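Thanks, everyone. Let me walk you through one structure. Please look at the sequence and the fold as they come up.

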Amino acid sequence: MTQAYHICTYTSAKRLISLICLMMLTLAATAQKRTLPEPKDTLPTFRGIQVMGDVVGLIMLGVSDYGQYEGGVRVNLKDKYFPVIELGLGKADHHNDITQTDYQTSAPYGKVGIDFNVLKNKHDDYKVYVGVRYAFTSFKFDIAHPDVSDPVWGGTVPYGGQDVKGKYHWAEAVFGVDAKILGPLHLGWSVRYKRRLSYDIAEMGNCWYVPGYGKAGSTRLGGTFNIMLNF
């Protein structure tokens, strides 16, 4: 009986030691798996450029009294960072039936900024962007209005001006989508939140439309629909 007891104890101890060794091996393998570094991205930093043109501004010119021609270039760095330059020509030819005021302008504008691809698989053909822009325009406008009656001295006083100078600085927060269609052809859209930073309309104090920004004001929403080619 004593011999059987010793054999049973020896067998149990052997099983316990085996179980402890198995647990230690499992823990070591798990720790090693957790500490393994992520595979290094071996793709080159420069991944190409994208040339784009906005359709929304063209439609606005066709159906309303203001709009813009706008295009841009986006540089692809590691499929994650995308420095952007956007240039355009804003135009307006507006008549207000109530005040009988005419407003006209045509001037260039520029934007510079960066987009970030926020998708987990950054090398996918489809991309989702968030980004920022700084924008600026220096422009001239014409404003015409019937002479204003002077309630104190009588008579009329002319109101308006030609080649009135203006400057506008604003920032844009951008959310956009880029979808591959066929080969280098991509389509995409963006939503823009615009915030005026500073402005100077020395002679008139304000204006009706700002090239690239839209109707004058401190904040506004806008958007683009781009046709894009990747190179």
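**A buried aspartate and what surrounds it**

D79 is buried, at 3% relative accessibility. Keep in mind that this is a predicted model.

Who is the partner of D79 in a salt bridge? R47 is, with the two side chains meeting at 3.2 Å, N to O. The pair ties distant parts of the chain together. R47 sits in strand β1, and D79 sits in the loop between β2 (66-77) and β3 (81-96). That is 32 residues apart. Is R47 buried or partly exposed? R47 has 36% relative accessibility, so R47 counts as partly exposed. D79, by contrast, is at 3% and counts as buried.

Now step back to the whole fold. The protein has two helices and 10 strands. Along the sequence the pattern runs α-β-α-β-β-β-β-β-β-β-β-β. Of the 231 residues, 28% are buried. The accessible surface is about 14700 Å². Carbon and sulfur atoms hold 64% of that surface. On contacts, take those with a separation of 6 or more: residues 24 or more positions apart account for 63% of them.

Back to salt bridges. How many are there? The count comes to eight.

Next, R192. The side chain of R192 meets that of E86 in a salt bridge, 3.0 Å from N to O. This one also links distant parts of the chain. R192 is in strand β7 (residues 185-200), E86 is in strand β3, and they are 106 residues apart. Are these two buried or exposed? R192 has 3% relative accessibility, so R192 counts as buried. E86 also has a relative accessible area of 3%, so E86 is buried.

R192 has another partner. That is E172, with the closest N and O atoms 2.8 Å apart. Here R192 in strand β7 is joined to E172 in strand β6, 20 residues apart. Both residues of this pair are buried.

What does the H186 side chain make polar contacts with? One is the side chain of D178, at 2.7 Å. Another is the side chain of N230, at 3.3 Å. Leave aside neighbours within four places in sequence, and H186 is in contact with Q50, D125, D178, A179, K180, I181, N226, I227, M228 and N230.

Now the nonpolar side. In soluble globular proteins, nonpolar side chains tend to be buried together. In this model the largest nonpolar core has 16 residues. Y103, F139, F141, Y168, C207 and V210 have the most contacts inside that core. Which strands supply at least two core residues each? They are β4 (101-117), β5 (127-149), β6 (156-182) and β8 (209-210). The most comes from β5, which gives four residues.

Take C207 from that core. Not counting residues up to four places away in sequence, C207 touches Y103, F139, F141, I201 and A216. Y103, F139 and F141 are also among the core residues with the most contacts.

Which strand gives the largest share? It is β1, with three residues.

Is F231 buried or exposed? Its relative accessible area is 60%, and exposed means over 50%, so F231 is exposed.

I181 and I227 are both in the contact list of H186.

To recap: D79 is buried and bridges to R47. R192 bridges to E86 and to E172. The nonpolar patch takes three from β1.

That's the tour.

Note on methods:
Residues numbered from 1 in each chain as written. Predicted model: local features only at pLDDT ≥ 70, side-chain atom pairs only at ≥ 80, totals over all residues. Heavy atoms only, no water. Buried < 20%, exposed > 50% of the residue type's maximum accessible area, 1.4 Å probe, protein only. Contact = heavy atoms within 4.5 Å. Areas by Shrake-Rupley, 256 points an atom, 1.4 Å probe, with all protein chains shown as cover. Core = buried A, V, L, I, M, F, W, Y, C linked by side-chain atoms within 4.5 Å. Salt bridge = Lys/Arg side-chain N within 4 Å of Asp/Glu carboxyl O. Polar contact = N/O pair within 3.5 Å; in protein donor to acceptor, adjacent residues only side chain to side chain.
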